[in-house]
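Please read each one beside the structure shown here.

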Amino acid sequence: MLMGSKASAQFAPARRHTAVEHNGAAERERHSSGQVIENIEVHGNDRIEASTVLSYMVVRTGDTFNQDNLDRSLKTLYATGLFKDVTLHRSGDTLQVQVVENPIVNRIVFEGNHAAKDEDLRKVIALRSRAVFSQQTTAADRQKILEVYAQKARYGADVTPQIVRLAHNRVDVVFQVNEGPQTLIRKISFVGNKNFSEARLAGVVSSKETQWYRFFSSSDEYNPERLRYDAELLRRFYLANGFVDFQMINATGELSPDRKSFYVTFTLNEGPRYRLGKMDIRSSLRHVPAASLRKYIELFPNQWYDGNAVQHNATNMEEIIQSKGNPFAVVRPEIARNPEKRIVNLLFDVSEGPRMYVERLDINGNTITQDSVIRRQLPMAEGDPFTAMYKKYSKQALQDLGYFSSVSIDQSQGSAPDRVNVAANVVEKPTGEFSLGGGYSTDVGIIGNLGLKQHNLLGSGVDAGISGTMAYYQRQVDLSVTDPYFLNRNLVAGVDLFYIENKYQTYQNYSEGRYGVTFRLGYAYTNHLSQSWNYSLIHRTIGGSWSETSFYILDQAGSSLLSQIGTTLTYDTRDSRLQPHKGFVARVGGDFAGAGGDEKYVRGKVDVGYYLPLDDMMGNHDWTVAFTAGAGYLADWGNGRHDVIDNFYLGGQNLRGFLDGGVGPRAVGQTTVSPADGAIHSQEDLLGGRFIYTGSMTVNFPMPFAADMGIRGRYFVDTGALAGLRVRNNYTNPNQLNYYPYKYERVSGDTLTPRISTGLGFSWKSPFGLINIDAGIPVLRKRNDRTQLLRFGFGQQF
């Protein structure tokens, strides 16, 4: 009799799988006679065809009853995973195969899982509905689920597979999950640090000790991959502070006995601290002598060695050389240590790198944005030189579009040693935007506005949006469309349609309405220099006045038509136009009114901004200080209307802490003496001015204990002034009032004395969208200036 079992197939000697009973010489005689298998019968199979079972076996009809072949056949049948049990039995010249089929999986169910979704768990397991059930596969899937929870810092999770047997040899597999609490980092320790405290190093690593306020962050979850990243962050930090010989000995995480927390330890060897010694340049490029490059060295002798600054200097020098007609130039910094004097001598080696040309340029990952929209942003095309500078600018240009959550520029070998295939890999992100903004004013209370935009309409790169103001005293609708590559050329073209109705009665005594259209056109001269033009045709109305309204406003009651052409020249070297960290931007613009219409004036404006990173000082990339300033002047020509609505206004966004337009010339102290009862009424109207200047200093910084939640803070100091009364008639002299002798008024705030405000604000990338709040306090103000203590804004992408 031949017999077998699953357990014996795995662990027992072969003779235990199949046993043939023989007695003495008779057994040897039958074995040596080479008796053959005349027939093979399969029993117990239901779903699986007998021919399929036979195909898995080693022995065939006509083979001898060989013990080794029978053992191998038994093992191969088990290895298919189709059978729960297999028995081989000899009956005369017939080999009988008795099988018990594994059941079929009807469905897979997860119970008790909250931190991991069903679809995420299904991706990692091997079991599938309508597939063959296997205990081994189920056990392996259980381990994979535990690994998923380990990645979510739940090392105490428990997974129990439960098998529910159904009719027709089917089963439901239920993975019962007990997630347990998150296994968070209880303590982070540093061993070997002498020059920096544990608190300082804790600010360098991305892993954080668990705290109650990190409910929106995963930085306190233990992750071995993050631990390796933290080790690299520490290495970079020490290299940036002069520790050239720094060594990261070990970075470990130890699970507590109760499996509820981790203790992370970084063991390091700081080594001595080095200063910079001699610095020199060696050039092997023709027509590029080393002496001509020394002016590009940005470092100084005797400063602490900074590996990041050295590499940054080399990169800047390389880009300058490449931009001057040497596209393949490379600059490699070489250092020579002097441990005795603890100095590092630095040499910038300038040479020509390998010549590489773009053979093929591929765009990957863009499911919405058209290929042409991406290609036109790249500074290179097929056949152009491929350099590190082009690679860097390509990535930045695509990031500045704002269409993608991640961008990478990868390269691979082309068909020849000097050919390279370049791939721009992008991941699309929502480019629609729903925005809600507003503020609180001491004069008008709550102000709100609503907007809907699509920055990448149908993947074409066209920016379209509609916005409206929801305030009680103001109604405004704007419709805007912009094509950044008009006619497939280096042209930005757009059009704006708008309707505005302001009822200023809460702090002014008139209403204003305007509707019109603005056409825009712009182009770029270089990567940094661009110019834009615009033409506006606007119908304006001043009305809604009463007896307390200023004469300056009464003079302008009615309708007027503005026909204006303007231009702006921009020079921009910022590293990012969305979130600048360093660089400079300057804008010079002007408007000319008088090509038709009722207004005749010339208006000029200049704005500058300088962004200074504080990485070296603070040891953190999130610190930036921004200096901005601006000035403008409006001059009349001809015989125009001199409407106050064309003047400059100061306050709000350009002077936080003050109401929009709340600083500058205003008609105040006008008193109306009622002829009927002699009652006296006072009021004021904001008039704007001819000349404006502004200045601001803003320090952007990570919020203590809240950076992990996506909150960034800012401290600001704003200053500015507005002066130059610009009205049709001057009514400050009572002798001029022929028609209303009981009225008089004076002008206040017409001075260039600076107003100053200071305050704090923060931005929060919340799960609900970007929230901005600024609280400004006027430090220096004039009487009658209007203040606005709080401004807020909210935006959500879709």
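**Notes on the predicted model**

1. In this predicted model, a hairpin joins β21 to β22 through 4 residues. Helices (H or I, at least four residues) and strands (E, at least two) are DSSP runs numbered from the N terminus. Local features are reported at pLDDT of at least 70 and side-chain atom pairs only at pLDDT 80 or more, whereas totals for chains, interfaces and linings use all residues. Residues are numbered from 1 along each chain as its sequence is written, and side-chain values use heavy atoms, with hydrogens and water left out.

2. The overall composition may be stated briefly. The protein has 14 helices and 36 strands. Of its 798 residues, 42% are buried, where buried means under 20% relative accessible area, exposed over 50%, and partly exposed in between (1.4 Å probe, protein chains only). Among contacts (heavy atoms within 4.5 Å) between residues at least 6 apart in sequence, 60% join residues at least 24 apart.

3. Strands of a sheet pair through backbone hydrogen bonds, either parallel or antiparallel. Here two strands are taken to pair if DSSP finds at least two bridges between them. Strand β21 (residues 511-524) is antiparallel to strand β22 (residues 529-543), with 14 bridges between them; within this pairing, Gly513 has Thr541 of β22 as its bridge partner.

4. Leaving aside residues up to four places away in sequence, Arg574 touches several others, including Pro580, Phe584 and Tyr611.

5. A separate open sheet of 3 strands has the order β13-β15-β14, with mixed pairing. Strands β13 (357-364) and β14 (404-413) are at its edges with a single partner strand each, so one side of each has no neighbour in the sheet. Neighbouring strands of this sheet are turned against each other by 20° on average, direction ignored. Strand β13 is parallel to strand β15 (residues 419-428) over 7 bridges, and Val358 stands opposite Val420 in β15. Helix α12 (residues 388-401) lies across β14 and β15, at about 155° to β14; axes are lines fitted to C-alpha atoms, for helices over the stretch in contact, and angles run from 0 to 180 degrees between N-to-C directions.

6. The salt bridges number 31, each being a side-chain nitrogen of Lys or Arg within 4 Å of a carboxyl oxygen of Asp or Glu. In one of them, Asp643 pairs with Arg540, with the closest N and O atoms 3.5 Å apart. Asp643 lies in the loop between β26 (624-636) and β27 (657-658) and Arg540 in strand β22, so the pair ties together parts that are 103 residues apart in sequence. Asp643 counts as buried at 1% relative accessibility, and Arg540 likewise counts as buried at 1%. Arg540 and Asp643 belong to a network of salt bridges that also links Glu599, Arg641 and Asp646.

7. Arg791 pairs with Asp660, the closest N and O atoms being 3.4 Å apart. Arg791 is in strand β36 (residues 790-797) and Asp660 in the loop between β27 and β28 (666-673), so parts 131 residues apart in sequence are tied together. Asp660 is partly exposed, at 42% relative accessible area. Arg666 forms a salt bridge with Asp785, with the closest N and O atoms 3.4 Å apart. This pair links Arg666 in strand β28 with Asp785 in the loop between β34 (769-780) and β35 (787-788), 119 residues apart. Arg666 and Asp785 are both buried.
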